[in-house]
Amino acid sequence: MKTGNGTRLFINEVATRDGFQMESCFIPTDDKVVLIDRLSTLGYAKIEVTSFTSAQAIPALRDGEEVMQRIARRPGVVYTALVPNVRGAERALESRIDEFNIVMSVSETHNLSNLRMTREQSFAQLAEVIALAKQARVPVNVSLSCVFGCPMEGEVPLATVLGWTDRFAALGVQGLTLCDTTGMAYPTQVQAVCEAVRARHPALEWTAHFHNTRGMGLANTVAAVEAGIRRLDMSLGGIGGCPYAPGATGNVATEDVVHMLQCMGYDTGMDLEGLIGAAAELESLVQHELSSQVSRAGHRLTRHAPPADFNAIVERAKARPIKKENA
């Protein structure tokens, strides 16, 4: 395993879109704005603020325009949102979005289940969104779901993944995200896929997006970084999930991943203590315990006081004779 040696990584927060859309209770607009403004100060490269999907489809994010218009834009942070179609793109442009994040699955069954369209239908619709973005001079990132496996089809051939990356690259998108939508990825697979796509399209901005369904999220993150990926999606507190994957859990937790990468010597640009504080605020908003570990345990060098009777323990230890072994 390699050491980071100060290599710069770029952290993208998805809790306020990918996470909030899965929550059973509606997070008030004022609270969303306050949280995003707080996150903007912590060193993120990008924050996925909301979704411009219809309010009927995702009622938890029905306030997308208001949130996007009210947040305090911090220089150096990209404020992105999910844009499903041309109508959503028009709404996003009116809200002064920095980037379009568009989504489709490389699995036909998952795409039909999630988006109610075939992959070809999705591609045709997203090609229109990309054309509109070009006219408006807004960058586009494509998030490809189920790159590392589909819960209904099983393995997804690498050739299929490469075929879709080729088609989107040909449309002039800025970047692509490799999504482990349902937590099926494993480290050696991640390394092979990441190396293959980077070799094929080295000029694109590649991002990795992992879920922790089977406890391999952190290991998969390391595998992606060692394969040359420098941009990573993650979710504060580990919230999120996929409605079309039984047993799927949330994204890898931002504070857990940042803690790990910083310990390994990578430069994430992130304020870890600030993340832990933000996670506490998030837990009060979603009204349930978060799955992240570092928000509870703290940094690995967090100090704890010894037992209250420690001095007495020391004195008793000093008074106890040391047994000598027989010569």
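Predicted model: local features only at pLDDT ≥ 70, side-chain atom pairs only at ≥ 80, totals over all residues.
View 1. I102 touches V83, L126, V129, I130, V140, N141, V142, S143 and F168, leaving aside residues up to four places away in sequence. I102 is also one of the residues with the most contacts inside the largest nonpolar core. F168, a contact of I102, is listed with I102 among those core residues.

**View 2. The largest nonpolar core.** This core has 89 residues. The residues with the most contacts inside it are I97, F100, I102, F168 and L232. Helix 11 supplies the largest share of the core, eight residues. In soluble globular proteins, nonpolar side chains tend to be buried together.

**View 3. Packing of helix 6 on helix 7.** The axes of helix 6 and helix 7 (residues 158–170) come within 11 Å and cross at roughly 25°. Helix 6 is therefore roughly parallel to helix 7, as angles under 35 degrees count as roughly parallel. The crossing of helix 6 past helix 7 is right-handed. On the helix 6 side the contact involves R119, E120, F123, L126 and I130, and on the helix 7 side T160, W164, R167 and F168. By type, the residues of this contact are five nonpolar, one polar and three charged. L126, I130 and F168, which take part in this contact, are also among the residues touched by I102.

**View 4. Packing of helix 10 on helix 11.** Helix 10 (residues 254–263) and helix 11 (residues 272–286) have axes that come within 9 Å and cross at roughly 165°. Helix 10 is therefore roughly antiparallel to helix 11, as angles over 145 degrees count as roughly antiparallel. Helix 10 passes helix 11 in a left-handed crossing. Helix 10 contributes T254, E255, V258, H259 and Q262 to the contact, and helix 11 contributes L272, L275 and A279. Four of the contact residues are nonpolar, three are polar and one is charged.

**View 5. R116, a residue with positive phi.** Most residues other than glycine have a negative phi. The phi of R116, which is not a glycine, is near 60°. R116 lies in the loop between helix 5 (108–115) and helix 6 (119–136). The relative accessibility of R116 is 59%, so R116 counts as exposed.

**View 6. Q287, a residue with positive phi.** Q287 is not a glycine, yet its phi is positive, at about 65°. The loop that holds Q287 runs between helix 11 and helix 12 (294–297). With a relative accessible area of 64%, Q287 is exposed, the cut-off for exposed being over 50%.

Conventions: Residues numbered from 1 in each chain as written. Heavy atoms only, no water. Axes fitted to C-alpha atoms, helices over the stretch in contact; angles between N-to-C directions. Helix = DSSP H or I, 4+ residues; strand = E, 2+ residues; numbered from the N terminus. Parallel < 35°, antiparallel > 145°, perpendicular 65-115°, else oblique. Left-handed = near helix turned anticlockwise from the far one by under 90°. Contact = heavy atoms within 4.5 Å. Nonpolar A, V, L, I, M, F, W, Y, C, P; charged D, E, K, R; others polar. Core = buried A, V, L, I, M, F, W, Y, C linked by side-chain atoms within 4.5 Å. Buried < 20%, exposed > 50% of the residue type's maximum accessible area, 1.4 Å probe, protein only.
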